[in-house]
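Subject: Structure for your review

Dear colleague,

Please find below the structure that I am handing over to you. My notes on it follow directly after.

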Amino acid sequence: MKRKTYRAIALAVVGSLAIAACGGDDGESSSDTSSEATNAPGDTSAPDDTDAADGEAWAVNTDDCVDPAAANAPIEGTIKIGSAMPLSGGVAAAAFAPVKGGFEAYVKYANEKKLLGDITIEVAIEDDQYNKDLTPAAVDKLLDAGTHVFSGIIGTPNNLAVRDLLNEECYPQLLALTGSIGWGDAENYPWTTGVLIPYDVEVKAYATAIQRDFPEGVDVGVFVVNSEFGQEYLTTIESIAADYGLNIVDEQTIEATDSAPPTAQVNSIAAKQPPVILAVPLGAGCATFLAEVANAKAANPGWEPRVYITATCASSLILGLAGDAANGLYTSNNLVDVLDPEIAALPAVAEYLAFMEGQGLTDIITTGGAGWHTAEMTVAILVKALESGELTRASIMNAARSFEAVGMLTRPGVTMKMSGLSDQYIAQSLQIVQYDATTKLFTDIGDLITDYES
Amino acid sequence: MLKIKEASAQHWALRLVGVGVIAFLVLWIPTQMATSRIGQVSDAFVLIIAAMSLNLVLGFTGQISIGHSAFFGIGGYTAAILVKDYGWSPGYTFYVAPVIAFVVGCLIALPALRIKGVYLALVTLAVAVLFPTLVKWKKLAWLTGGAKGIDSARYDELPVWPILGELKGRDGRAVFAYWLAFIVLVITYLVCRGIVKSRFGRSLVAIRDNETAAAVMGVNLTTTKVLVFGISAALCSLAGVLSTLRTGVVTPEGQYVTLLGSIVFLLIMIVGGAGTLWGPIVGGLIYVWLDSATRGFGTNSDGIIGFLFGWADQSPATLILGVGLVIIMFAAPYGLVGLIKRLVAKVLVIVPKPLGDSHLAIGNTVPDTDSRV
């Protein structure tokens, strides 16, 4: 009897593991997006001379490092870049595995082009299953293997779980693949930076667009995933709503682990018939949310809300799952849409596409873009550090915080830059776009938004 | 087959060898292994503590609980809140968290007294599902940090311990975390052992084997079940405290705070051997090793691993763990400790010491069927 009970429990456990592996949330990494900023519209001003000088003058203090000499030791021969991403478990297949592919492809490209001269770039990406409890072990393993720099760690809690450690040890934690505003804290965490557009900037950009179309104010329904990711958006939405004439008539949430369609939530919003919906679903939840909105519109003739959806949903992979339900939605990005034939003909993009095709990575040319872009910015920082005279962990961090570059996949007009304490987010310009489900392409709405650049 | 009498010189020698090997390993790991490996062992210790606490309720008392992730979370959140918001020294949270978890555990056990089996499992399942939702609740966000959780709740400066001296940096933190987790593990083991070997422990086993008979024999079912649930919850919270102090971060979506955590604890306990003191230890070490070793399998692997798993677009860790568990359950339904005991029993039998003036003491002859390893 006891034997049978344990077998039954074991089978139940296996079943649960399988369910956990299939379900789950997707992190905040966008496949087609990135960026920065915290200034409200109106506060943003062009960097003055002091700001410009700040980046050059800013230098990381290595006196408090556990081993100051190691932080300033020259890196020769090979530089090792490490990262932790979810490569298995519930969220890996759909959202994050392509980021790794894109990241590794760019490093290969950079080595072939000898962008760092005689220095070879190695990359090692550990699997943390998007579980912040596993990230310290992954980072520990990479440090034991001689990693010099970390870049592109996915997930806010995952980055937080190693931020104290990496800052104490003085290892650059570059370009965290999340849009948390917490990455702009150079005074307390000088060794940590992000790469995505901060979520609050994205919300303000949507609010500005809505205000432009509804100058008298408008009712808005809000739908967010109930996680740290959604919480950051929601906090901003609630705090700026009055300033932009947004009257929040309904706030609905869904658990990150809930794979069921948000029927009740969307019906609740539909009952209020708001002309605008601001939505922050996650991963596969983007597609189910859009499908439910389409159902609600069919059930409520005459109700045609404008849907503004987080840029993390704006990948061809996710919107492809949604099909026609994604038609007409508004979102944002600061990277190009490589599926657009006109964009694909641009020399830099064509080179990207050709290289990816040569590596047999055609299937991830859109979803791998975030990884490629992150690796490209990382290498650009390394090049700048090398140009400063000596490649050390400290010089890499100094280069990162006094940095300006245009990536192969960044939109025309978008510059990735940081400058000391005055500009701590690498990407702050973004473009509002509208998705056409028929052509599967994005159309620009208005001009590139650069108001939030520090 | 070799037979050794309990408490004989050979038996003591065997025990000494066992203790020596364990002591050697315990000292060798933090002094000789790479920092990342030390960290992994510390992580294993945390999971072992959680699985040991579950073992008390499920393995020894037969009460199915899928809610232990909530007690883990109570420990983790208590530590994070006291350290980050109230500036407590992390060490003191080890005293507070178990008290809170004990009270909560007892409260949860009260309504669970009238039900058992799958219904009890469902009640505890609700607890596991409710906990993350509760800490995410907006009205509690001032305390728990809501969906964002709490970060930077760890030792700013490591305390100086007599033998370890001043520890600094990543290596120092790993060694400190190892010894801290080891001490808590030993305490947890001793508490579990003390309970299991006591009169109270025998009443737990009686409840597991036949609740009605236990009641007839005078076991107070209510008190016993509530107490063991509370003690188990308190021990599990210690694992949560350790986990938070290692990463400094606790969120409602942390793996061990959610239902998945309960499943992992269950998995470790069953694979190692439910109802045995060493089961969770063996299970925890195997789980962490297997989880870490298989996570790298996939398209980039070479050799036999590449041949077997090269087809996978992503790491097949979850698949391997699931299949491994099924195989282990069919090969060793009483867990790995049960399997080891059976195998050892084929070559070595420890003959129990006869009790008092029993007729068995005259010739010291005990039937093989009563022997134990």
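V175(B) lies in helix α7 of chain B, which covers residues 169-197. The model is a predicted one, and every value below is computed from it. V175(B) counts as buried because 21 other C-beta atoms lie within 10 Å, where the cut-off for burial is 20 or more. Leaving aside residues up to four places away in sequence, V175(B) touches P30(B), I38(B), L164(B) and L167(B).

**Chain B as a whole**

Chain B has 16 helices and two strands. Its radius of gyration is 22 Å, close to the 21 Å that the globule rule gives for 373 residues, so chain B is as compact as a globular protein of that length. The C-alpha trace of chain B spans about 70 × 55 × 50 Å along its principal axes. Of the 373 residues in chain B, 48% are buried. Where contacts in chain B link residues at least 6 apart in sequence, 71% of them join residues at least 24 apart.

One backbone detail in chain B should be noted. S152(B) is not a glycine, yet it has a positive phi of about 55 degrees. S152(B) sits in the loop between α6 (141-144) and α7 of chain B. With 15 other C-beta atoms within 10 Å, S152(B) is partly exposed.

**The largest nonpolar core**

Which residues touch the most other members of the largest nonpolar core? They are L290(A), I381(A), L47(B), I49(B) and A50(B), out of 237 residues in that core. Helix α2 of chain B (residues 35-60) gives the most to this core, with 16 residues. As general background, nonpolar side chains tend to be buried together in soluble globular proteins. The contacts of I49(B), not counting residues up to four places away in sequence, are V184(B), L185(B), T188(B), L235(B), L238(B) and A239(B).

The secondary structure of chain A comprises 15 helices and 14 strands. Of its 454 residues, 59% count as buried. Among contacts in chain A between residues at least 6 apart in sequence, 75% join residues at least 24 apart.

In what order do the five strands of the open sheet in chain A run? The order is β2-β1-β3-β4-β5, and the pairing is parallel. The edge strands are β2 (120-127) and β5 of chain A, each of which pairs on one side only. From one strand to the next, the twist averages 20 degrees.

The individual pairings in this sheet are as follows:

- Strand β1 (residues 78-85) of chain A runs parallel to β3(A), to which two bridges join it; G82(A) has F150(A) in β3(A) as its bridge partner.
- Strand β3 (residues 149-151) and strand β4 (residues 173-176) of chain A pair in the parallel sense over two bridges; S151(A) stands opposite L174(A) in β4(A).
- β4(A) and strand β5 (residues 192-194) of chain A also run parallel and are joined by two bridges; A176(A) has G194(A) in β5(A) as its bridge partner.

β3(A), helix α6 (residues 156-169) of chain A and β4(A) together make a right-handed β-α-β unit. Within strand β4 of chain A is L175(A), which has a positive phi of about 50 degrees although it is not a glycine. L175(A) counts as buried because it has 29 C-beta neighbours inside 10 Å.

**Further elements of chain A**

Strand β13 (residues 431-436) and strand β14 (residues 441-444) of chain A pair in the antiparallel sense over four bridges. V433(A) has D444(A) in β14(A) as its bridge partner. β13(A) and β14(A) form a hairpin with four residues between them, and K440(A) in the turn has a positive phi of about 60 degrees.

Helix α15 (residues 393-400) of chain A is mostly covered, eight of its eight residues being buried.

Yours sincerely

Conventions:
Residues numbered from 1 in each chain as written. Chains lettered and ligands numbered in written order. Predicted model: local features only at pLDDT ≥ 70, side-chain atom pairs only at ≥ 80, totals over all residues. Pairing = 2+ DSSP bridges. Right-handed = clockwise from strand over helix to strand, strands pointing away. Core = buried A, V, L, I, M, F, W, Y, C linked by C-beta atoms within 7 Å. Buried ≥ 20, exposed ≤ 12 C-beta atoms within 10 Å, placed from the backbone. Contact = placed C-beta atoms within 7 Å. Axes fitted to C-alpha atoms, helices over the stretch in contact; angles between N-to-C directions. Rg over C-alpha atoms; globule rule 2.2 N^0.38 Å.
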